[in-house]
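Please open the model in your viewer and keep the selection panel at hand. The stops below move from a whole chain to its parts and then to its partner.

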Amino acid sequence: MRPGITGLEDEAISIIREVAACFERPVILFSGGKDSVVMLHVAVRAFAPARLPFAVMHVDTGHNFPEVIDFRDRCLAGLGLNLTVASVQAAIDAGKVADAPSRNPLQTVALLDAIAENKFDAVLGGARRDEERARAKERVFSHRDTFGQWDPKNQRPELWNIYNTSHKQGEHFRVFPLSNWTELDIWTFIKEHDIELPSIYFAHKRRVFKRGGMLMADTEFLRPEAGEDVYEEMVRFRTVGDATCTAAVPSTAGGIDDVLAETAVARVTERGATRADDKISEAGMEDRKRQGYF
Amino acid sequence: MRQLRFATVGSVDDGKSTLIGRLLYDSKSIFEDQLEHVEAVSKRRGDDYVDLSLLTDGLRAEREQGITIDVAHRYFATPKRSFVIMDCPGHVQYTRNMVTGTSTADLAIILIDARHGVVEQTRRHSILTSLLGVPHLVVCVNKMDLVDYSEDRFNQIRDDFEAFASRLQLRDVTFLPISALKGDNVVERSDDLKWFEGPTLLHHLENVYTASDENKIDVRFPVQYVIRPRTAEHHDYRGYAGTVAGGVLRVGDDIVVLPSGLSSRITGIDSADGPLEEAVPGSAVTILLADDLSVTRGDMICRPNNRPRVIQDHDAMLCWLDSNAQLNPAKLYTLKHTTRSTRAKIGEVRYVLDISDLHRKTPEGPLSMNDIARVTVHTAEPLLRDDYEHNRVTGSFILVDESTGATAAAGMLLPPRE
């Protein structure tokens, strides 16, 4: 293994190439969030000078920060890639799911529908094991049954760097090339390769209010309730997801070096600081993942 | 510095979770929300102390049963090095998870309770560590506080371990006296262990040298994927992508492609960061050759005068992993070895290894989960293979059950019998 971030990228490239070699219809998930941006860049680098042999898909809750959608489209145009959108709104309109205040869990339905419809057999995600304790248990090549479900107690052992990619018709794999990266590794890679991110990752003035100890952005999708005062604050986002459940953190880090410095001394995990939906229960993530969530 | 991936083996009783908690806590790698969560759960369950094992036991079933079922990965970094902890369950019935966790480990930490000394579990874990070829072993004699920090007790345990381990192939063993609970000699030195002149555990982990663990002599490059852009700009580009499994490849080297035996010369090495002059083990690169040969996934590029064995009959140590099916000698399995998949049949089961004392037992029935056995394997196509002791990448394979897709077994190739 080569030292530093190069060694982690070697590992990710090897995983991504294994997907290209062992699956018929792979798709790479892309939300415009930093992990998916890094994964997409690594994937493009893995096949250069050939084109990326994967489809690219965004599972869109419809509750987006406009800066992120704008970035998503520019980034893909720059790389010459086409986007498939799996729309939660469309799933709601079709009566497959009922709308809810947070559409984060509803993404599972739109995702599984799109996988079935496009016959995707491998779905690459940017999840990292250091994010959350259920993720810490997941394989790099994680098998899903025909219902898209994860069975954490019956995972295939994963030895050396030999990946069992065996799957039957209708089953698929979730593949996580960045499994062994940490939040700091992601930012280090972004700096070393001068990668553009959505502007909301850096400090900016925003109208926010406090809810459940977190700093929520005042958007058309999430309005303060009575007693929740809206005020202006310098903030940035450590994670970028559905606008109704992604919180901001107070920060003056306006550039990549400031963010790196902040991340190096952070005392709260990024999900703990910013994801309202993970606070629901002790096994919130495990339960969602079992049903087919990312 | 290279990242260090280390496995911690042993049971909760040995203080393993406390040790991991201590390493994370003292190196300031536990985040406040994680600690808050663990404190809240411990309190709700009525525990007397904060149970740091809750940090690593991520699954609902693990927390309910209070045991570790599956390997958990934990990440931490000091200014000097970054680390991945692969926390392996210690219970006998989870041998397969220990095999899984140690398969990629640079180093393993085995804990011994200073009061009990070397016990059956210590032997079992040491044997597995040796079998899986983990290059470095740290034996932590824990709970030194409960034996009055006795130097004699520490020396006695070390001597006991060495007497037993002389039969194993352990290349680098370090003994450390610690108390994970009190924090003695984990991250900070301890006044109570003044007689000990060695390093703290963290200092040892930060400095252990792993660059020489890879085989840098025997060039092995399994072709993983062929890159052909088919664009006007790169019309003639044909590159062989893969990860260097051994040796150092250099531009200008004469090579041979196996199994065809056709020779050529390396004209270029492309990487994500542009062209390289040489590629070391672990590098994900693309090799360009002078001649237009037919090279596909599963082939191997190596040096003309240094080739792996190309054979169909193998001796191997096999660890059975599948909990739902035993070995069926009549059945064909898919065998995956480097980037090559072929079908395989298990021939003879020569003996089953008793991993508590290395005793070779006659098999009493079909191999089942957690059994480790010496077997013969016949493959439909030749493998381009080395012995596991010379190269962990080109010496290892898995067996996949074709009817269920399960990973049935993991194998380590042995030198062929003459």
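Which domains does the domain assignment of chain A give? Select 4-185 together with 283-291 for domain 1, and 197-279 for domain 2; these bounds come from an automatic or database domain assignment. This is a predicted model, in which local features need pLDDT of at least 70 and side-chain atom pairs count only at pLDDT 80 or more, while totals for chains, interfaces and linings use all residues. For your selections, residues are numbered from 1 along each chain as its sequence is written, and chains are lettered from A and ligands numbered from 1 in the order in which they are written.

Now display the whole of chain A, which has nine helices and ten strands (DSSP runs numbered from the N terminus, H or I of at least four residues for helices and E of at least two for strands). Its C-alpha atoms fill a box of roughly 55 × 45 × 35 Å along the principal axes. Of the 294 residues of chain A, 53% are buried, that is, they have 20 or more other C-beta atoms, placed from the backbone, within 10 Å of their own.

Next, colour the two domains of chain A separately: the C-alpha centres of domain 1 and domain 2 lie 24 Å apart. Their contact takes 21 residues from domain 1 of chain A and 19 residues from domain 2 of chain A, where contact requires C-beta atoms, placed from the backbone, to lie within 7 Å. On the domain 1 side, α2, α3 (66-79), α6 (183-192) and α9 (284-291) of chain A each supply at least two residues, and the largest share, three residues, comes from α3(A).

Select α1(A) and α2(A) next, whose axes come within 9 Å and cross at roughly 70° (lines fitted to C-alpha atoms over the stretch in contact, with angles from 0 to 180 degrees between N-to-C directions). The two helices are therefore roughly perpendicular to each other, a term for angles of 65 to 115 degrees.

Finally, bring chain B into view: the contact between the chains takes 45 residues from chain A and 51 residues from chain B. On the side of chain A that touches chain B, α1 (4-22) and α2 (34-47) are the elements that give two or more residues, and α1(A) gives the most, with nine residues.

Terms used: Contact = placed C-beta atoms within 7 Å. Parallel < 35°, antiparallel > 145°, perpendicular 65-115°, else oblique. Buried ≥ 20, exposed ≤ 12 C-beta atoms within 10 Å, placed from the backbone.
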